[in-house]
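Thank you all for making the time this morning.

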Amino acid sequence: MDRDMTDYLDTLGDDFLVSALSTNGINTMEEYYRWFGERYDANEYVVTKIPVDSIEGWCIESGTGNIRHQSGKFFSIQGLRISTNFGNTAEWCQPIINQPEIGILGFITQKMNGVLHFLVQAKMEPGNVNLLQISPTLQATKSNYTTVHGGRKPSYLEYFLDNTRVNVITDQLQSEQGSRFLRKRNRNIIIEIDEDEEIEVLPDFFWLTLGQISELLKEDNIVNMDSRTVLSNIDFNPVHDDFSELYRELNIAPFKRRLLESYCASDTRSANRFNSILSWFTNLKTLYEVNAELVPLNDVSGWDLVDGEIRHEHSRYFSVIGISVKASSREVGSWQQPLIESAKGGIIAFICQMKNDVLHFLVQARVEPGNFDIIELAPTLQFTPENYDGHDANDLPPFHDLVVNARAENIRFDHLQSEEGGRFYHDQNRYQVVELPEDQNPGEIPQNYTWMTMNQIKRLIKYNNYFNIEVRGLLSCLSV
């Protein structure tokens, strides 16, 4: 970026926005691709499937059938019995990951040449479809960073444990997949170190601007789930008053222009006032009920240990498998563990549309058995076709047709993104954003759906447990 443009961006008054609009930083994208390739070649990664009942260091408990680590730490896989008045299925049982400890997902940032840069990590996770992906500076469970595994501590951990030496920009507890985890939360944190501080950049780490990370989000399976959830907490608050000048100077594309306007839209321009959305959400918590009770895995009907995997009787939803891992770049060089292997072909999608001359996004309130507080806000569409009988139109979720039959000219984002490779095996979903023409009628809006501006979404995301991780993954793909 040239000096004149950097000076102009400084007038915006928002470090995140400047970084998001900066597609060149202290490192070029060519240097990034060379570094990433070198990190892949420099390390050994081998992942092999093994029977779930022969995982070294783990056991299947006699009597309960629960799967747990010999230390009692990390996580366990237990049974969950659910009853709810939400949706078409009132009762069911399933395996669930029980991981009560809170991990840390965090980025170190630093201003360089006037632009905020993020220290990213090339991190191997055993469940990644391509093994190596871009992760936050620190991505560690409590068991990992307290070295229950007997290995070394994660790099840069001290910056996140001692907040007195940094400027904390965002710091929130956010949930993980409510259909797979029981009330699981991680600390999502972005910290900034002084621009004069010297910090050693280890071989597996690299500085990128937010704009460069956004470019990588346009490629399949490069930026991992943990990076996406942390980045989703970023809010853009430019102080620039003349947006027409901003668009002209920066040549912002039309959809990005509408997106930035939605970030800055006042409540008076929204289809629903912010307090009305809060009331709608609170009311749904009183309408919907869910009772989730831990039970022995042996008592989960419809699931059985078959050929070394715990599977659903109709081969739906997911399986519990075992893996053996060798990874020279991790704190421990080799280990074995269980993973969840989900049904393939999931779709995570937002429908958006102009209302009152402002871009709005259609969100749904969704009950999932592992949710911390009954419901969380989810994307417009969150489903896996393989889990539905014959794709009966009456059985499919609302707005399914608007997404799967969207015209190419209305699709604003469409890429495969991986879910968390430390717990899920080759789990990738198709992440989409579809913008409906302003004059198109989307049809009846069910009571658990509502329209929100990006400004309202970002105001609400500052609080814990409102938006699920699928929404947060999509939001990170919508950087300006």
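Let me start with a question: is arginine 187 buried, partly exposed or exposed? Please keep in mind that what you see is a predicted model. With a relative accessible area of 24%, arginine 187 is partly exposed, and its salt-bridge partner is aspartate 171, the closest N and O atoms of the two being 2.7 Å apart. Because aspartate 171 sits in strand 10 (residues 167-175) and arginine 187 in strand 11 (residues 185-193), this pair ties together parts that are 16 residues apart in sequence. Aspartate 171 is partly exposed as well, at a relative accessible area of 34%.

A second pair is formed by aspartate 414 and arginine 430, where the closest N and O atoms are again 2.7 Å apart. Here aspartate 414 belongs to strand 22 (residues 411-418) and arginine 430 to strand 23 (residues 428-435), so that parts 16 residues apart in sequence are tied together. Aspartate 414 counts as partly exposed at 26% relative accessibility, and arginine 430 is partly exposed with a relative accessible area of 36%.

Lysine 462 is partly exposed at 46% relative accessible area, whereas aspartate 235, at 13%, counts as buried. Over the whole structure the search finds 20 salt bridges, and Lys49, Glu341 and Lys344 are linked in a network of them.

The largest pocket has a volume of about 1,500 Å³, and of the 48 residues lining it, Tyr317, Arg366, Glu368, Gln382 and Tyr388 are the closest to its centre. Among the elements that give two or more residues to this lining are strand 18 (346-355) and strand 19 (358-367). By class, the lining residues divide into 20 nonpolar, 19 polar and nine charged.

The second largest pocket holds about 670 Å³ of space, and its lining has 33 residues, with Phe74, Asn144, Arg330, Trp335 and Gln337 nearest its centre. Strand 17 gives the largest share of that lining, four residues, and the classes come to nine nonpolar, 14 polar and 10 charged residues.

Terms used:
Residues numbered from 1 in each chain as written. Predicted model: local features only at pLDDT ≥ 70, side-chain atom pairs only at ≥ 80, totals over all residues. Heavy atoms only, no water. 1 Å grid on protein atoms, 1.4 Å probe; cavity = no way out; pocket = protein on both sides within 12 Å on 5 of 7 lines; lining within 4 Å. Points joined across faces, edges and corners; volume = space filled by probe spheres on them. Nonpolar A, V, L, I, M, F, W, Y, C, P; charged D, E, K, R; others polar. Salt bridge = Lys/Arg side-chain N within 4 Å of Asp/Glu carboxyl O. Buried < 20%, exposed > 50% of the residue type's maximum accessible area, 1.4 Å probe, protein only.
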